[in-house]
Amino acid sequence: MDDVVLLADDGSAIGIHPRSEVHTAETPLHLAFSCHVMDAAGRLLVTRRALSKRTWPGVWTNSFCGHPRPGEQMLDAVRRRAQEELGIRLTSIRLVLPDYRYRAIDSSGIVENEICPVHVAIIEGELSPDPEEVAEWAWVQAEDLSEALVRAPFAFTPWLREQLPRMSDPAQP
């Protein structure tokens, strides 16, 4: 079973819960992560969530997100999820927002409630996204994405709208 780590308000682990059951109208605080993938040219990968996703289906977001399994190291979880969701390997993974936390409610009433450290990494190889996870993808300049977030915030997930402005310069090592 694929479990997530439940957290107390201070971020300490207090239990586990099946991932398939954790996202509801009363989602408990749990551990997650986000990753922004860049290519050698310094462009960011944005993905549009598959229409079958439980929350924010069909909405554009950062490259990928996930949940570390109980006992799994964060960087191992980031690498695992990059392979599962995008079919890629990552290099130069770095933590850019260690304390990012958010709570958001999807139009269906499902709540995201996560402590979600944010990483930036470089892609190695070619994309081969899982269609159950990713409907579309695009490589964009960070400035263009920032402008799109301002002009059309409704087209993007709330966590991307919050994360990108907080990241000083994702292209810097």
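What follows is a short chat about a predicted model.

Visitor: What kind of model is this, and how are residues numbered?
Guide: This is a predicted model, in which local features need pLDDT of at least 70 and side-chain atom pairs count only at pLDDT 80 or more, while totals for chains, interfaces and linings use all residues. Residues are numbered from 1 along each chain as its sequence is written, and side-chain values use heavy atoms, leaving out hydrogens and water.

Visitor: At what angle do H3 and H4 cross?
Guide: The axes of helix H3 (residues 142-151) and helix H4 (residues 158-166) cross at roughly 130° and come within 10 Å. Helices (H or I, at least four residues) and strands (E, at least two) are DSSP runs, numbered from the N terminus. Axes are lines fitted to C-alpha atoms, for helices over the stretch in contact, and angles run from 0 to 180 degrees between N-to-C directions.

Visitor: What do you call that orientation of H3 and H4?
Guide: H3 and H4 are oblique to each other. Angles under 35 degrees count as roughly parallel, over 145 as roughly antiparallel, 65 to 115 as roughly perpendicular, and the rest as oblique.

Visitor: Which residues make the contact?
Guide: H3 contributes Ala142, Leu145, Ser146 and Leu149, and H4 contributes Leu160, Arg161 and Leu164. Contact means heavy atoms within 4.5 Å. By class, there are five nonpolar, one polar and one charged residues. Ala, Val, Leu, Ile, Met, Phe, Trp, Tyr, Cys and Pro count as nonpolar, Asp, Glu, Lys and Arg as charged, and the others, Gly among them, as polar.

Visitor: Which residues touch the most other members of the largest nonpolar core?
Guide: Tyr100, Leu145 and Leu164, out of 22 residues in that core. A nonpolar core is a set of buried Ala, Val, Leu, Ile, Met, Phe, Trp, Tyr and Cys residues joined through side-chain atoms within 4.5 Å. Buried means under 20% relative accessible area, exposed over 50%, and partly exposed in between (1.4 Å probe, protein chains only). At least two residues of this core come from each of strand E5 (44-49), strand E9 (101-105), strand E11 (118-124), H3 and H4.

Visitor: And what does Leu145 touch?
Guide: Not counting residues up to four places away in sequence, Leu145 touches Leu44, Val46, Val140, Phe156, Leu160 and Leu164. Another core, of 16 residues, lies apart from the largest one and has Phe64, Leu86, Ala121 and Ile123 among its members.

Visitor: Switching to Leu90: buried or exposed?
Guide: Leu90 is buried, with a relative accessible area of 12%, and its place is in strand E8. Leaving aside neighbours within four places in sequence, its contacts include Cys35, Val37, Phe64 and Val78.

Visitor: Where is Ser92, and what about its phi?
Guide: Ser92 is in strand E8 (residues 89-97). Ser92 has a positive phi of about 50° although it is not a glycine. At 53% relative accessibility, Ser92 counts as exposed.

Visitor: And Trp56, buried or exposed?
Guide: Trp56 counts as buried, at 10% relative accessibility. Its phi is near 45°, a positive value in a residue other than glycine. Trp56 is found in the loop between E5 and strand E6 (60-61).

Visitor: Last one: what does Glu132 touch?
Guide: Glu132 touches Ala50, Ser52 and Lys53, not counting residues up to four places away in sequence. Glu132 is found in the loop between E11 and strand E12 (134-140) and counts as exposed, at 53% relative accessibility.
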